Each structure stands twice: as structure tokens, then as C-alpha cells.
Amino acid sequence: MDIQWQTWAAVGIVVITAIIFVIRISKSKKTGGCGHDCGCGKKK
Amino acid sequence: MPRTLSTSHEIGGAVTLNQVKIGADVQIRVLSGPSCDRLRELGFCENIQLRKISDGRNLICSVCGTRLAISRELAEQVLVSPVA
Amino acid sequence: MSSVPEAPAMIALVGNPNSGKTTLFNALTGSNQRVGNYSGVTVSVKSGETFTPHGKKVRVLDLPGCYSLRADSPDEQVAIDALTGMLPGEPKPDLVVCVVDSSNLERHLQLALQVLEQGLPCVLALNMVDVAEKSGLRLDPIKLSEELGIPVIPMQANAGKGIIELKQTLRFPLPFHPSAPWAHGPEDPGVARRSFIEQLCALAARRPDAHQQTISDRIDRVLLHPFFGWVFFLVVLFAVFWSIFSFASIPMGWIENAQGMLGEWLISKIPEGDLQSLLVDGILGGVGGVLVFLPQIVLLFLFIGILESSGYMARAAYLMDGVMAKAGLSGKAFLPLFSSYACAIPGVMATRTIHSPKERLVTIFVAPWMSCSARLPVYFLIIPLLLHESEGTWKQAAILFAIYALGTLTAFVTARILRGRLGEDAKPSHFLLELPPYRNLQWGYIFRHVFDRAWAFVSQAGTIILGLSILLWALSTYPKTSEGDAADKLAHSAMGRIGAVIEPVVQPLGFDGKMGTAILTSFAAREVFNSSIAILFRVEETDDEVQTRTALRDRLAEAKWPDGRPLFTPLSMISLLVFYIYALQCLPTTAVVAREANSWKWAGGQFVFMTGFAYLASLAVFQIGKLLGY
């Protein structure tokens with residue numbers, strides 16, 4: 001039982017992450033410019 | 001190189017900034033050349049005194065208390081004469 | 001101008017750029033300002049309200065900073081229009097406040113005299129008197145006032161000093177300047193103005209006899225010396241790289257220990273299963289593999305902050321001008337390129353200070369080859385594998401230095417070729433740079449800067465890297481098979497299959513499918529390489545405490561090809577480093593390049609060129625190395 005529970009939890013986390021990523025990618029198309037992805041800090 | 005109107009003014013003994021020795025205090029006589037307006041904006045105006053601090057590819061001058069590095073091409077457009 | 005009101009209805013602020021005009025405007029008006037754009041010009045005129053000491057309301061107009069009233073540029077035209085009452089919707093100002101930088105009177109008074117010639121009542125705001133006095137200038141505001149015939153208010157707008165005195169002048173009778181004596185001679189007005197200013201400054205703003213040798217000058221004598229200057233420059237650069245390796249290893253050890261302890265704690269709390277694997281191998285391994293490099297990134301930004309704040313950066317640009325010229329660039333390109341060592345994005349944005357459009361385009365193009373901090377985690381992972389444990393940190397620093405040198409050198413060669421292709425600018429522009437005096441370090445500014453960057457790095461690790469780690473873990477776990485050992489399970493998973501497809505492409509570079517997959521994932525962000533590697537090369541945890549804590553590096557050192565050859569040979573690692581030096585794996589950079597160069601073609605071309613170049617360079621390194629018998 002214990003193993004089963006863990007499998008479902010792991011799959012759940014993965015699915016939630018995937019959904020967040022899909023949402024972020026579809027949203028981020030509009031905003032160009034300085035992404036904060038390169039450690040460049042705040043916008044100036 | 002085209003000379004501006006103010007050349008009519010006395011420019012006896014004037015040399016370009018490139019020809020001045022390091023450490024010499026000089027006074028700007030005439031600015032002539034395509035970049036003279038840009039130079040004026042930075043404080044290289046007629047009659048201003050400046051000191052040449054170093055030479056080389058770019059030279060450093062002390063103008064009105066600030067240190068400016070300018071290229072030899074720009075310095076060629078600055079005609080100066082030694083301070084009396 | 002009727003004499004009924006006690007105070008003027010409107011005043012205008014005029015001055016050169018950088019005379020502190022806007023500071024004064026904000027000090028006078030507080031937050032009561034709005035920005036209005038007048039049709040046809042993009043230059044903005046700000047307006048606000050202030051009160052006289054007697055409580056009368058006065059409108060204040062902040063005109064664009066300009067050097068003269070020659071009407072050469074849109075800014076100057078707006079200023080003239082405002083002073084002559086031609087600006088739509090605004091009356092002629094009742095009083096003009098000329099703001100001048102008192103340490104630069106010779107330059108700034110030129111505009112003031114031109115304003116006086118307009119015949120408007122005028123007050124001279126002698127701003128930044130503190131700076132002028134510090135530079136040894138002897139100011140005499142009373143004399144200045146007598147000679148010009150107008151009130152002269154010494155002030156320090158940024159500290160709020162002199163504001164009250166200035167406000168006292170905002171009432172009737174307005175200080176009216178009847179004539180401009182210099183303007184009535186037979187001479188050219190420009191010449192007449194200059195000779196008047198010369199006399200004026202000799203009387204009221206005497207500079208110390210001859211030019212003083214300031215401390216900055218004395219420092220510059222060494223630091224800009226044709227030989228010692230370069231020695232210092234190289235020592236500084238090497239010291240920066242060396243300390244990044246040696247000092248950072250202490251906090252890095254802490255982070256690794258904490259990570260190991262957290263992993264053990266999780267294993268002890270959660271029984272073996274998928275969730276445990278996700279937490280320990282996926283999240284902790286993936287995020288930790290990136291986070292461990294935080295100390296090194298903090299140090300790099302700290303050093304850049306110190307160099308900028310001290311004033312040495314401008315000297316470095318001066319020294320580098322000759323070198324940059326060999327690449328077809330000028331010293332102005334140094335700062336953008338140097339910033340790109342931290343991150344290409346601020347570097348690309350800093351190219352705005354370059355006047356020549358073609359030089360700017362070339363600088364933008366090569367900037368991503370200045371190895372940015374996102375590549376550091378990859379370098380730090382690989383470099384120690386190239387060396388034995390016993391070898392000193394200075395060797396690691398030397399390799400890192402070589403990596404940076406290789407990227408930089410290639411960038412310069414490319415810049416030169418590109419610059420030759422693009423040809424000369426229509427309008428020649430020359431090197432012109434102000435060398436600020438050396439200053440005490442502004443630690444507040446530096447720390448804020450470092451904190452911002454460090455926070456950006458950490459928050460990235462906590463969001464994108466976390467998410468990617470989870471997805472990568474899933475890809476390397478599912479679909480599952482119950483047979484075989486860990487390696488067989490991985491081969492069966494989605495990631496293992498992708499790796500099998502990629503392997504033929506990356507094998508000529510000396511990489512296997514797993515490394516190929518890790519490289520592929522790092523096109524999202526370079527640091528993800530470490531997370532991918534951590535997840536892909538995970539080994540079965542053992543009970544041995546030491547074994548559990550072994551860093552990723554030790555696991556990599558043990559990795560082998562199926563036939564037993566070690567996977568990470570020195571040659572394949574050099575090939576990997578070369579790939580990371582050249583590949584453009586950063587979408588935000590491409591987006592910023594497209595915006596700054598105003599061309600998606602330029603940005604796309606850059607991406608294709610750099611990634612193709614990375615592949616070919618890596619290929620060449622591995623194949624030639626193999627032929628030479630390594």
C-alpha cells in the first residue's frame with residue numbers, strides 16, 4: 001500500500017509541474033525583454 | 001579641413017592637442033572639424049585652459065576639474081596655444 | 001506683466017544636462033509633477049507647482065536639458081519655444097531660473113548668458129557648490145551677482161540646501177536684467193560670450209593655481225601606465241578568478257553538507273519508493289546541483305560591483321581601447337562586454353552607450369561569447385574532473401581563466417571579421433570618455449546589486465530549475481520496468497530513449513546519450529545541465545554515509561561507456577567545455593538582442609551561428625584530440 005501511495009503522490013507532483021509549465025509558456029509569449037532567467041536581476 | 005569663422009582671431013603659435021607635451025597647461029584657441037560641437041559640449045570650449053595628462057592612443061586631459069580621455073582624431077581638431 | 005499679483009505665475013528651469021536641474025525641480029515641486037509631451041517632438045517638458053515662502057502658488061516648468069539656444073536639436077527648440085512663449089498651451093514664463101553646475105561654470109554659463117540675452121527676468125541657481133568647493137574652486141557668488149546683475153543663489157539641491165533662498169526670489173519686484181553688456185559689441189556673439197565668461201570666472205570662480213595633482217591623478221599615473229597599468233589590470237582579473245575558486249569553496253562545502261544531511265533525513269523519514277526518489281534524486285539533486293554555485297556567483301558580482309563603484313572600470317575601458325581597436329571596436333565596448341561576463345542581458349543593454357550604430361550591433365552580436373555566470377556551474381562541475389584532487393586551486397583558476405580567454409578571443413576575432421563586413425559608419429565617431437575620480441566604495445550600492453543578482457539566481461533555482469528537475473526526474477523514471485538494474489531502468493525510460501536517439505549526433509563530440517540529453521535540456525537554461533546530469537547519473541544510494549554524501553563529481557568520475565572505457569575523459573570534458581563556451585543557450589538573451597538590435601533576423605542568426613559554431617568547435621577538439629592520441 002505504502003509504495004502505491006508514493007507512486008500516486010509522485011505522479012501528482014509531476015503532473016502539477018507540467019501544467020504550471022504549460023501555463024507559463026503560453027503566458028510568457030507576450031512579455032519579451034529582460035527575462036529574469038539569466039540572473040540579470042531587476043528590470044532597470 | 002574647413003576652418004571656422006573664428007580663425008580670424010589670433011591663432012599665432014597654435015598647435016594641435018596631439019603635439020603638446022605631457023603635463024603642459026594650454027589654452028584652447030580654435031576647435032575645427034566635424035566633432036567640434038560634441039567637444040564643446042564636454043567642456044572643450046575656446047579659451048578654456050586645460051592640462052594634458054597623458055599621451056598615447058587616447059590622451060587624457062584635465063578640463064574644468066574633470067578628466068577626459070579623447071582619441072587622437074578628436075585631439076587633432078583642438079588647436080591650442082601655451083599659457084603665458 | 002501686471003503688478004497686481006505678489007508672485008510670478010510661472011517660472012521656468014533651464015540648464016545643461018547634468019546640472020542638477022531635475023533634482024531642483026523635484027525639490028521645489030515635491031511629487032506634484034506631470035509629464036506632458038508636445039506634438040511633433042518626443043522631448044518632454046515637465047510641469048509642477050511650488051509655493052513661495054508667503055504661500056503663493058507658482059507653476060514650475062522643467063525644460064529639457066540643453067547646451068545652448070542654437071535650436072540645433074529638438075530639445076533646444078523646445079527650450080527656445082518655452083522661453084519665448086511659443087509653446088502651445090503655456091504662457092511666457094515670468095521668471096527663468098538658470099541652473100548651473102558650479103564646478104563647471106565655464107561650460108554652464110554659456111547657456112545662462114544666452115538666456116539673459118532673451119531679456120527675461122532671471123535668477124542664477126549655483127548648484128552643487130559642495131562639489132565645486134571640494135575641487136578647490138574659489139566661488140564668489142556676490143561678485144558673480146554684481147557682474148551679472150541678477151540674484152545668484154548658491155545651493156545644493158540634492159541636500160535641499162538653498163531652496164528657501166531661491167524661493168525668496170520668487171516675488172515682485174522680479175529681478176530684471178536690463179541689458180546684456182557683452183552682446184552689444186562688434187564681435188561675434190559666441191566669442192563675446194566666451195570672453196565675458198572668461199573674465200567673470202577669473203573674478204568670481206577662481207580655480208586653484210595651475211591644475212592640482214589630485215589623488216586620482218597620482219593613482220592614475222600608476223594604473224594607466226603603459227606597462228604597470230597592464231600588470232595591475234591582469235593581476236586584478238586573475239585575482240578575481242582565483243578568489244572565486246578559493247574563497248567560495250568554504251560556503252560551497254556548507255551547502256553540500258546541508259544537502260547531504262537533508263537527503264539522509266528524507267531517506268530516514270520516507271520509506272523507499274517513488275516519492276522518496278523524486279524528493280532526493282529529483283528535487284534535492286537537481287536544485288542542489290545548481291544552488292551550490294551561489295557563493296561563486298555572489299563573489300563574481302561582488303567584484304564587478306567593486307570595480308564599477310571604485311571608478312576603475314572607466315580606466316579599464318581606457319586601457320582596453322587599444323585592444324578593442326584590434327577587434328574593430330572601441331573602449332566603449334569594454335563595459336558591455338565585461339558586464340556580459342556576469343550576464344549577457346545587462347551587457348547587451350549597456351551597449352546603448354556606444355555611439356556608432358555598427359559598432360553597437362557587432363558588440364551585441366559577440367556579447368554572449370563572454371562567458372556568463374550561468375555557465376559557471378557547468379564549468380565548476382567539469383573543471384575539477386580534469387584535475388586530480390591534490391592539485392591546487394590555482395590550476396583550476398588557470399583553466400577557468402583559459403576558458404574565459406578562449407571565449408573572449410573568439411568573440412574579438414568574430415567582431416573584427418563582422419566589423420570589416422559591415423563597413424564604416426556614415427558619421428564617424430571617436431573615443432571619448434570621462435574618467436571619474438576614484439571614490440570610496442559605496443557598499444550599500446554594491447551589496448544591493450549583489451543581493452539582487454543572488455536573489456535572481458536563487459529564485460530561478462526555486463522555480464524554473466525546480467520545475468525542470470521534477471520533469472526531468474519523471475522523464476528519466478517513466479515508463480518503468482521492473483527488470484534489470486538502475487542503468488537498465490534508465491535506458492527504458494523516456495529520457496533513455498531520447499538519449500539513444502541523440503547519441504549518434506553527439507558521439508563525434510565525445511559525449512554519450514545521457515550527456516547529449518543533458519545538453520539538450522540545458523537549452524532552457526544552461527545551469528539545468530547540472531540538474532540533468534545529477535538526475536541522469538544518479539547511483540543507488542548505499543548505507544555507507546560517506547558514499548551517500550559523495551558529490552556529483554565523484555559519481556561522474558566513475559561513469560563509464562558500456563564497454564568499460566571512462567566516459568569523462570579529459571578530452572571529452574574539454575570538448576564539453578568548448579561546447580558550453582560557444583553555445584547560445586539562453587532564450588532571454590535572444591529576446592533582448594532582438595529588441596536592442598531591432599531585428600529578429602539578427603537575433604536568430606546569432607543563435608544559429610553560435611550553436612552551430614559550438615558543435616563544430618567541439619567536434620574539431622574531440623576529433624583532432626583523438627587523432628593526436630589523447
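**Reading the contact between chain B and chain C**

Q: How many salt bridges does the rule find across the interface of chain C and chain B?
A: Two salt bridges turn up across that interface. Keep in mind that this is a predicted model.

Q: Which residue of chain C forms a salt bridge with Arg67(B)?
A: The general idea is to look for a side-chain nitrogen of Lys or Arg within 4 Å of a carboxyl oxygen of Asp or Glu. Here, Arg67(B) pairs up with Asp217(C), and their closest N and O atoms sit 2.6 Å apart.

Q: And how many residue pairs are in polar contact between chain C and chain B?
A: Counting pairs with both residues at pLDDT 80 or more, you get six.

Q: How do strands of a sheet pair?
A: They pair through backbone hydrogen bonds, and the pairing is either parallel or antiparallel. In this model, strand β5 (residues 66-71) of chain B pairs with β10(C) in the antiparallel sense, over four bridges. To see it on screen, pick Ile70(B), which stands opposite Leu432(C) in β10(C).

Q: What is the order of the strands in the open sheet?
A: Follow its seven strands like this: β1(B)-β6(B)-β2(B)-β3(B)-β4(B)-β5(B)-β10(C), with antiparallel pairing. The edges are β1 (15-16) of chain B and β10 of chain C, each of which pairs on one side only. At the β1(B) end, that strand pairs with β6 (residues 78-82) of chain B, antiparallel, over two bridges. There, Thr16(B) has Leu79(B) in β6(B) as its bridge partner.

Q: Why does Ala398(C) count as partly exposed?
A: Buried means under 20% relative accessible area and exposed means over 50%. Ala398(C) has 29% relative accessibility, so it counts as partly exposed. You'll find Ala398(C) in helix α18 (residues 393-422) of chain C.

Q: How far apart are Ala398(C) and Phe238(C), in sequence and in space?
A: In sequence, 160 residues separate them, while C-alpha to C-alpha they are 8.3 Å apart.

Note on methods: Residues are numbered from 1 along each chain as its sequence is written. Chains are lettered from A and ligands numbered from 1 in the order in which they are written. This is a predicted model: local features need pLDDT of at least 70, side-chain atom pairs count only at pLDDT 80 or more; totals for chains, interfaces and linings use all residues. Side-chain values use heavy atoms; hydrogens and water are left out. A polar contact is a pair of N or O atoms within 3.5 Å; within protein, one must be able to donate a hydrogen and the other to accept it, and residues adjacent in sequence count only if both atoms are side-chain atoms. Two strands pair if DSSP finds at least two bridges between them. Buried means under 20% relative accessible area, exposed over 50%, partly exposed in between (1.4 Å probe, protein chains only).
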